[in-house]
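Please open the model in your viewer and keep the sequence panel beside it. At each stop, select the residues that are named, and then compare the picture with the text.

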Amino acid sequence: MSDLRERALALDTEDALAPLRERFTLDDTVYLDGNSLGALPRHVPARMQEVLTREWGELRIRSWDESGWWTAPERVGDRIAPIVGAAAGQIVVGDSTSVNVFKALVAATRLAPEGRDEILVDARTFPTDGYIAASAARMTGHRIVPVAPADVPDTVGPRTAAVLLNHVDYRSGRLHDLPGLTAAVRGAGALAVWDLCHSAGALPVGLDEHGVDLAVGCTYKYLNGGPGSPAYLYVAERHQAAFDSPLPGWTSHADPFAMTPGYTPAPGAVRGRVGTPDILSMLALEASLDVWDGVRIDAVRAKSLALTDFFLECVEAYAPEGRVTSVTPAAHAERGSQVALRCEDAEPVMAELIARGVVGDLRRPDVLRFGFTPLYVGFADTERAARVLADVLGAVAA
Ligand SMILES: *Cc1c(COP(=O)(O)O)cnc(C)c1O
């Protein structure tokens, strides 16, 4: 047995999070795509069966009240809150990340001081954030300024209304400095809006501690909520009274069942709601969040860094010279929970990897992405993934 293989087995034995794997439905593939779609927590199907049979099938309309459907967006938000370092009452769940980017960004421009006409947007942002920001800017009369996150402190100024940043870059896996950049944005009198899709559930975020203004994120990646599970919106408590949603639906009304023609927003996080929530997805998410019971996010972060370090070390040791180069930062302070490898023939390589039971994904044209989800990926999995990758790189000619 190779040294790396032996070390992997020892690391798995010492890993206090290893038993969490039992909380998920897995098979003998190495699943390194939890940064696109998290694995299924084992107990969710039984819970969904109950929701369908009892709550929908038998109680029907009564479930809005008796099964707590109506208040699910705030209740599930409060379950996500500790994972992203937020006190209760500031997160509401519903709609997609794309829609929440729109709500957050337009609301940020309305919260910003008068006369500011620019929105700074992460130049390498996930595409949907960029499209939505461009449309929001057009609607609100702002100008988009693309900016590399590291240049935000030098770019933000008296004309900046809001700054929209990705906490972790979806392509390279680079982690941006949320505390420092938030301080720079707020120091210039603008609002910091963070997209947490690739960080929530993988590393500590500290929304309250670092004074973030608004944040959004999805729940089907590291939070394992299931395909298309609803996203969330964080509105810091200090902004809630003035938060003016561009999508003021009836379910965010202070008295929704009064059905009045005039809109009066509800207090608190509820103000971020729009229409009828997607209850089945919401309740699957709620059940899936049980896997976090007793889990500390700093322990998750420590394991994530150990896994990505170990993967990089195994790739370095096993892969044929010059076939792949890591585009994920080596420094821990700049690394999320994925490793992205540049590879000239990424497409056939990933297809062959998947065929051999190592599931990652691809960002065209030349990036192989491997997401490390510490709740259910171990060190032996990691070593195996690198070993199979090396075999595939040798077998598939560049
Ligand atoms: C995954 C992801 C999204 C997805 O948005 P949807 O509306 O759920 O499709 C948005 N932003 C970032 C940064 C992402 O990684």
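Begin by selecting R323 and L393, where the side chain of R323 reaches the backbone oxygen of L393 at 3.2 Å, a polar contact (a pair of N or O atoms within 3.5 Å, of which, within protein, one must be able to donate a hydrogen and the other to accept it, while residues adjacent in sequence count only if both atoms are side-chain atoms). R323 is found in the loop between helix 11 (297-318) and strand 9 (325-326), and here helices (H or I, at least four residues) and strands (E, at least two) are DSSP runs, numbered from the N terminus. With a relative accessible area of 13%, R323 is buried, a word that means under 20% relative accessible area, whereas exposed means over 50% and partly exposed in between, for a 1.4 Å probe and protein chains only.

Before going on, note that this is a predicted model, in which local features need pLDDT of at least 70 and side-chain atom pairs count only at pLDDT 80 or more, although totals for chains, interfaces and linings use all residues. Residues are numbered from 1 along each chain as its sequence is written, and side-chain values use heavy atoms, with hydrogens and water left out.

Next, select E118, which has its place in strand 3 (residues 118-122). Is E118 buried or exposed? E118 is buried, with a relative accessible area of 10%, and its side chain is joined to that of R143 by a polar contact of 2.6 Å. Not counting residues up to four places away in sequence, E118 touches several residues, among them H142, V145 and R159, where contact means heavy atoms within 4.5 Å.

Now move to L214 in strand 7 (residues 214-217), which is buried with a relative accessible area of 0%. Leaving aside neighbours within four places in sequence, the contacts of L214 include A104, A108, L111, W194 and F243. L214 and F243 also belong to a core of 26 residues, a nonpolar core being a set of buried Ala, Val, Leu, Ile, Met, Phe, Trp, Tyr and Cys residues joined through side-chain atoms within 4.5 Å.

The largest nonpolar core has 87 residues, and F370 is one of those that touch the most other members. Select F370 and look for its contacts beyond four places in sequence, including L32, F311, V339, M350 and L389. In soluble globular proteins, nonpolar side chains tend to be buried together.

Then show helix 10 (residues 279-288), where eight of the ten residues are buried, so this helix is largely enclosed by the rest of the structure. Those buried residues pack against helix 2 (44-58), helix 3 (63-66), helix 4 (72-80) and strand 2 (91-93).

Which kind of peptide bond runs from R364 to P365? That bond is cis, with omega near 0°, and P365 lies in the loop between strand 12 (361-363) and strand 13 (367-371). D95, in the loop between strand 2 and helix 5, has a positive phi of about 65° although it is not a glycine, and at 30% relative accessibility D95 counts as partly exposed.
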